Amino acid sequence: MGGALVTSNPSLPNENDADDASTVLYREMAQDDGTPGRTIAFSGANVQPLGYSDLAEARLHEKLTIPLTWENATVIDTDIEGLDNSKKHTVKATLQSVFTSRAIGLVKGGWLPSGLAATRLGTTVLVDRNVVSEIIGRFDGGKNVGAEPDFLDLFADRPVRINPLLFAMEANARRIPSPELLRSQLDEAVTKLQAALPAAKLVVGPGSLQGALGLIEESRSGFERKQRFLLRVAPGLTSPVSRRNMQERWNEVIAGADACGVSRSSLVVLAALSSVAIPNSGSPAKKLLKFKEGYCEEDAYNALADLRSLEMLIYVFGFFPGELVQLCTADRNLALFWTGIRASNFARLGTGIAFDLSPVEQLIPGPKWYDSCFDCSASSGEHGEHNS
């Protein structure tokens, strides 16, 4: 059925119960003859993530229309005849919302509009710099200050858990931040987010700063190797790669990764290979890596900070499989890359992470490219490197 999400979480369950999902009231569109649409209220359901094609086709800056599926729904009330309220149900519908979705929630298995991705209580929202800017520009004291309705508005009066460490770790200097800059950036994020969304619960404690510093230092050598790799391959990938030159450029990427000590199974190498394999600069990975004339260390830093956010998301999935978490970003290319790699089966492997990749053809066009050139057996224990 096609209709609108009327309300989400009208009465919050126990906020300490992370397994509870919000209550959803869904109203069907009116029939052609003017008959009012049916309604169904349900709870306990898990909304299923959307995939690459849904995101590629979505008009995020317009009132969003998307297909949604809720599984294991317990029906609370409905005027749909013959529905057995004693059983669990799967609800499939086309959501025609009044909201835009400037922020995208990246979750295990795909993406959802930001507010929908955090409807389960206990979900932690990792916010990157562009989403923090969106939040502080949209809200004052929990109230929308005049921006058009967006799924972010579902955060306004809820005790949503927000972790701002990505904002601080990227910082604003386009290079690895000093401890002093990291501290000031974390303080800034906390102050501004508290003013914008006073009902939110900021996931920041006494050990947050030291934890972020530890992550930065642990990944510093790998980060710098990846930076050298991007600077090395950028000249050959700035202009569109012709089909005639694809194999040569592909080999250059592999050789560059090996020369710089970057694992072939890292996300940055996959992104660079996608930049080669998709003609006419059509890969979102190429836009994510920000290749351009005069490509410099600062450009590489910005691209790697984005990829690091995905690596941290992957590590959470592998090390803490029971945690509910989303990465909230307004970067469509980062979101397309995440949904396009189709990462799954996250598991801890010593001090590293093992997971499977099954890239869509919009990233890697066909198995012959991927299987012949992409080494899926490499492994490393350092933060930011992983098994695939």
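Is Asn280 buried or exposed? Asn280 is exposed, with a relative accessible area of 67%. Here buried means under 20% relative accessible area, exposed over 50%, and partly exposed in between, with a 1.4 Å probe and protein chains only. The model is predicted: local features need pLDDT of at least 70, side-chain atom pairs count only at pLDDT 80 or more, and totals for chains, interfaces and linings use all residues. Residues are numbered from 1 along each chain as its sequence is written, and side-chain values use heavy atoms, without hydrogens or water.

Asn280 lies in the loop between α8 (267-277) and α9 (284-289). Helices (H or I, at least four residues) and strands (E, at least two) are DSSP runs, numbered from the N terminus. The phi of Asn280 is positive, about 60°, although the residue is not a glycine. Most residues other than glycine have a negative phi. Arg174, also not a glycine, has a positive phi near 60°. Arg174 sits in the loop between α4 (165-170) and α5 (179-196). This residue is partly exposed, at 34% relative accessibility.

An open sheet contains six strands in the order β8-β7-β14-β9-β12-β13. Its pairing is mixed. Two strands pair if DSSP finds at least two bridges between them. The edges are β8 (110-113) and β13 (201-202), each of which pairs on one side only. Strand β9 (residues 124-127) runs parallel to β12 (residues 161-163), and three bridges join them. Thr124 stands opposite Arg161 in β12.

Helix α11 (residues 332-341) lies across β7, β8 and β14, at about 25° to β7. Axes are lines fitted to C-alpha atoms, for helices over the stretch in contact, and angles run from 0 to 180 degrees between N-to-C directions. Contact means heavy atoms within 4.5 Å.

Ser309 belongs to helix α10. It is buried, with a relative accessible area of 4%. Beyond its neighbours within four places in sequence, Ser309 contacts Leu166, Leu327 and Leu334.

The largest nonpolar core has 120 residues. Such a core is a set of buried Ala, Val, Leu, Ile, Met, Phe, Trp, Tyr and Cys residues joined through side-chain atoms within 4.5 Å. Helix α10 supplies the largest share of this core, 12 residues. Phe229, Leu230, Phe337 and Trp338 have the most contacts inside the core. Outside four places in sequence, the contacts of Phe229 include Val253, Gly256, Ala257 and Cys260.

Eight aromatic pairs are found in the whole structure. Rings of Phe, Tyr and Trp (its six-membered ring) pair if their centres lie within 6.5 Å; planes under 30 degrees apart count as stacked, over 60 as edge-to-face and the rest as tilted. Phe223 and Tyr301 form a tilted pair, 5.4 Å centre to centre, with 55° between the planes. This pair links distant parts of the chain, 78 residues apart: Phe223 is in helix α6 (residues 208-237) and Tyr301 in helix α10. Both Phe223 and Tyr301 are buried. Phe291 and Tyr295 form another tilted pair, at 5.2 Å and 55°. Phe291 and Tyr295 are likewise buried. Ring pairs also link Phe317, Trp338, Phe346 and Phe355 into a cluster.
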